[in-house]
Every structure is written in structure tokens, then in C-alpha cells.
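Here is a walk through one structure, in short steps. Keep the sequence and the 3D view side by side as you read.

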Amino acid sequence: MEELKKTPLVQQHERLGAQMAPFGGWLMPIQYESILAEHRWCRESAALFDTSHMGELLFSGDLVGSGMDSLFTFRISSIAIGRCRYGFLLNDAGGVVDDLTVYRLSEDEAMIVVNAGPADKDFSVLEAALAGRGLLENATGRTGKLDLQGPRSREVLTALAGPEIGEIPFFGFRRFNVLGAQVLVSRTGYTGELGYELYFEKDRLQELWQRLLADDRVRPAGLGARDLLRLEMGYSLYGNDLDESTTPLEAGLERFVDFSRGFIGREALLSQQSKGLSRVRVAFRVSSRRTPRHGYRIFHQGEPVGEVTSGAFSPMLGCGIGLGYVRPSAAACGTLLEIRHEAVVLEATVVELPFYRQGSLRV
Amino acid sequence: MDTYFTRDHEWIRVEGTIGTVGITAYAVEQLGDITFIELPVLGKAVRQTGMLCSVESVKAASDIYAPLTGKVIEVNHALDSAPEIVNQSPEGEGWIARMEVEDLSGAKNLMCRSDYDEYVRGLA
């Protein structure tokens, strides 16, 4: 087995009493005191997440001439400088190699932020596709990343970096000087709350972590809370809800695919579109506090129709919630599902996303 | 009144022939936030080490086993809407069920508090 990479904050996490566990090849904090308390703090104040495990790939070169512009499901050249966009890198069969966010840094530079697990794979795929046209650097090893998420995150960052923080648009970013460090701050996140992602040189990680935590409005939150927060919004988790055998069409994420030009996997998606889908992603609410879990089987009118890919007890809704893939005939809103695992049978209803609608995301 | 512990981290407090059952602070620590407790059905007959009920937490679903043989005579319905009580007070208000103990001699298979504490230290 490959040795786990460690976040540079491992000692800080352990001092805070974190339970550490492997995630995407990294040893990361899953929870400090309580997943539910950390989740609540993010919905009510501001939670700080160590997201150093995520990958940052830096491209520089002619976007169109290098072919970079036709690798993802959207055109990087159509993103305004200072903005970012979510989408996919697909394989030839239309399966998701990774879901990612691309930052348009300048006319001929982009930062591609990818998931920890597939980061090395993504880099190889892109490097092979570029074949030397343009420069691609895997900057994960020298980049520190922290996410500050929650309704009070703007106040907290404004105190540190100035009122310009309030001018960053949703899915936009700007550079700031914080404690003498160059920090790229984007108004993005994975929680459904107003929030920011901060990128900077890795050697500033301890200092920025301590400084942000010194604010009473801020508490640390682990990947357990992060998973719960993202699921309440219906955001996909790569490896659970998305993988190389799943297409964006099946995942209900075609709004992140621009079919008007070429990209890897386009033909496969068009073919799937014309043939019709054999399974689609659904979101469902359980009728009790019980938790549907990854791998539980989904039935409709006694017939097996699919499988759960993510599930949790939602503190905001007070019931179990989940995502899964089912036959299209069982995917309409309001469809009654039965979720089974051993002797456990949960009743669930297909609903629209997001599960949780009161977040501060766009304030 | 004696309290006994199982290797699976249940406790039972015996007063006369009535035993109150719950899970230990160590179990709660391992499970994390508890989100649901499937309470046993009143009148259910359980054998020592047989399944009593189940709990779900943010991390996992786990079965709870009966520390002694007997019959369920009361359950803690406060946990239906507030399972977090078990996190807050695992050996107090977070009790799960009471049972009429059929055979107290089964207690010889259980641990007393000091033995259990030592057992838990050995798991660290």
C-alpha cells in the first residue's frame, strides 16, 4: 500500500483532539469533538476546514492552441479572468475522470482544482493530452489550502484582508495580502453556505490556520461535517456519487456540460443521450431518522431498481437523506422507494435538490 | 445495586430482578454523534448476548446485545426524538431499556467496573 500523505497541519489537528483517517490517499481530520456540532457551527457561524489534500494543477500556455480548451466539459477560454467554473474531465466513454473547478488566472493561465484521490491520474491524463503544448505543473505539494465556510465567514475574512473581500462575486476570486502572504481567495465552497476557499504557499499554512482559529467566530471542522454539509446540498462526492463508470448525464449534471464544441467524451455522451439512460441519479428523503448508507439497495414496488451512493442523517431536515442511482422509471419526484439492507427497510420519497434551502450561499 | 459491563460495551445496572441497560461512554466515543435508536419492542424476550436493538450514528450502524437473559419491560422513549441524550449521558438519562432479568447467574460472564475500565484501557 502506498504511504499516506500527511497534511502539514497534522500536529495542529491532533492537538485539537481530531480523529484522523485516510481520505483520498491523505491522513486527514474526520472530526474534532462532534460531527453534528461542527456541522451546526458551519451553518450558524464559520467553520475552518483543512483542505490541503485537494490537488492544484497549474496550466500556462495558449488555451486554444494547446488543446487545453477542449479537454473539459466547458471552455476555459469562456471563463472571465477572475472567475472560476465547475465541470468535468471525462474519459472517452463519457465517464467522470474527475469533477473539478477551473480558475481563470489570466489570459493564458489557469488553476485546476481537483479531488485528492484522482489528482495524480488527472495530471497524467492532461499531460498526455497536451503532449508538450503548454506547461502543466502539479502544484499540490507546494500549495496550502483552507476553506472558511459559514454565514459569518465574510466578516471574519474582512477583518483579516480588508473590505474588498465583500466584492468577490459568487464563483469569483481575487488576490489578497494576508499576514504578508499572497492568498488567492475564491467565493466558492462545498457546504451551501457563504464561504471562501483560500490558496497560498504551503509554508504559510500553520500561521493562517492559527490566525483564523484565533477568531471566536471560527471553529475547526473535519471531513465528517464537510460530507454532511455537502450532502444536504446534494453536491456529489467523487468516488461515491461520481466515478469513471458514471456520466454527467446519469448524474443529472448536464448543466455543467457545453455540447457546442468538442471535448473528451462528447461523442459518448451524445450517443447516450440519443439511446436514453438506463439509470439516473435521484435524491431521496427517508421517512424516519434512519440513515441510508452507501451500497444499500433501492426497491420500487418490490423490484430492485438501484443502489444508494451517499446517505446521512440530516440535522437540518431531521430525517435521513441520500443520493443513489435508479432506473429512470423510479426517478420521478414523489416516487416511493424502499431502501433495504439486511433486516433494515427504510421508506423514502424521491425529492428535488437541494435538500436544504436556507443556506447563506448567495447572500 | 450492581453495574456490570460486556465486552461489546453495554452496561446493565441490576436492582432486585430489574436490569437497566445502556451503552458505555467508550461505545459512545467510538460511535460519535448518535442519530437514531431502534428501541426494542416491549415484552421482547432476549437471551444473554442476543440482539437487543440497534443504534445508528454519524459513522455507523451497530447492534446492541442483551447483557443478561430476560424480558424487556420498559424502553426510554425520550430517545426517539433526542438520541443525543445517549451521547450526553450514556450511563444516566441515556439508558435504553429495562428488563426483567430471568437468570442473574449470567452476571458471572460480565465485568465489574474496574475490570471493564482495564479492558477499555487495553483497547487503546
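Thr191(A) has contacts (heavy atoms within 4.5 Å) with Cys42(A), Arg43(A), Phe49(A), Gln149(A), Leu229(A), Met233(A) and Tyr235(A), leaving aside its neighbours within four places in sequence. This is a predicted model, in which local features need pLDDT of at least 70, side-chain atom pairs count only at pLDDT 80 or more, and totals for chains, interfaces and linings use all residues. Residues are numbered from 1 along each chain as its sequence is written, chains are lettered from A and ligands numbered from 1 in the order in which they are written, and side-chain values use heavy atoms, with hydrogens and water left out.

Where does Thr191(A) lie? It lies in the loop between strand E12 (181–186) and strand E13 (195–201) of chain A. Helices (H or I, at least four residues) and strands (E, at least two) are DSSP runs, numbered from the N terminus. Thr191(A) counts as buried, because its relative accessibility is 0%. Buried means under 20% relative accessible area, exposed over 50%, and partly exposed in between, with a 1.4 Å probe and protein chains only. The side chain of Thr191(A) also makes a polar contact with the side chain of Gln149(A), at 2.7 Å. A polar contact is a pair of N or O atoms within 3.5 Å; within protein, one must be able to donate a hydrogen and the other to accept it, and residues adjacent in sequence count only if both atoms are side-chain atoms.

Next come two helices. The axes of helix H2 (residues 35–44) of chain A and helix H6 (residues 223–233) of chain A come within 8 Å and cross at roughly 55 degrees. That angle makes H2(A) oblique to H6(A). Angles under 35 degrees count as roughly parallel, over 145 as roughly antiparallel, 65 to 115 as roughly perpendicular, and the rest as oblique. The axes are lines fitted to C-alpha atoms, for helices over the stretch in contact, and angles run from 0 to 180 degrees between N-to-C directions.

Which residues meet where H2(A) and H6(A) touch? From H2(A) come Ile35(A), Leu36(A), Glu38(A), His39(A), Cys42(A) and Arg43(A). From H6(A) come Gly224(A), Ala225(A), Leu228(A), Leu229(A) and Glu232(A). The residues of this contact divide into six nonpolar, two polar and three charged. Here Ala, Val, Leu, Ile, Met, Phe, Trp, Tyr, Cys and Pro count as nonpolar, Asp, Glu, Lys and Arg as charged, and the others, Gly among them, as polar. An α-helix has 3.6 residues a turn, so residues three or four places apart point the same way.

Stay with H6(A). It is largely enclosed by the rest of the structure, because 10 of its 11 residues are buried. Among them are Leu223(A), Arg226(A), Arg230(A) and Met233(A). Gly234(A) follows H6(A), and its phi is positive, near 80 degrees.

Now turn to Gln31(A), in strand E3 (residues 26–31) of chain A. Gln31(A) counts as buried, at 3% relative accessibility. Its side chain reaches the backbone oxygen of Glu33(A) at 3.5 Å. Not counting residues up to four places away in sequence, Gln31(A) touches Gly17(A), Ala18(A), Gln19(A), Glu38(A), Gly222(A) and Lys59(B).

Some backbone details follow. Ala131(A) has a positive phi, near 45 degrees, in a residue other than glycine. It sits in the loop between helix H3 (119–130) and strand E9 (135–138) of chain A. Ala131(A) is exposed, with a relative accessible area of 61%. In chain B, phi of Thr49(B) is positive too, near 75 degrees. Thr49(B) is in the loop between strand E5 (45–46) and strand E6 (51–57) of chain B. Thr49(B) counts as exposed, at 61% relative accessibility. Leu353(A) and Pro354(A) are joined by a cis peptide bond, with omega about -5 degrees. Pro354(A) lies in the segment after strand E20 (344–351) of chain A.
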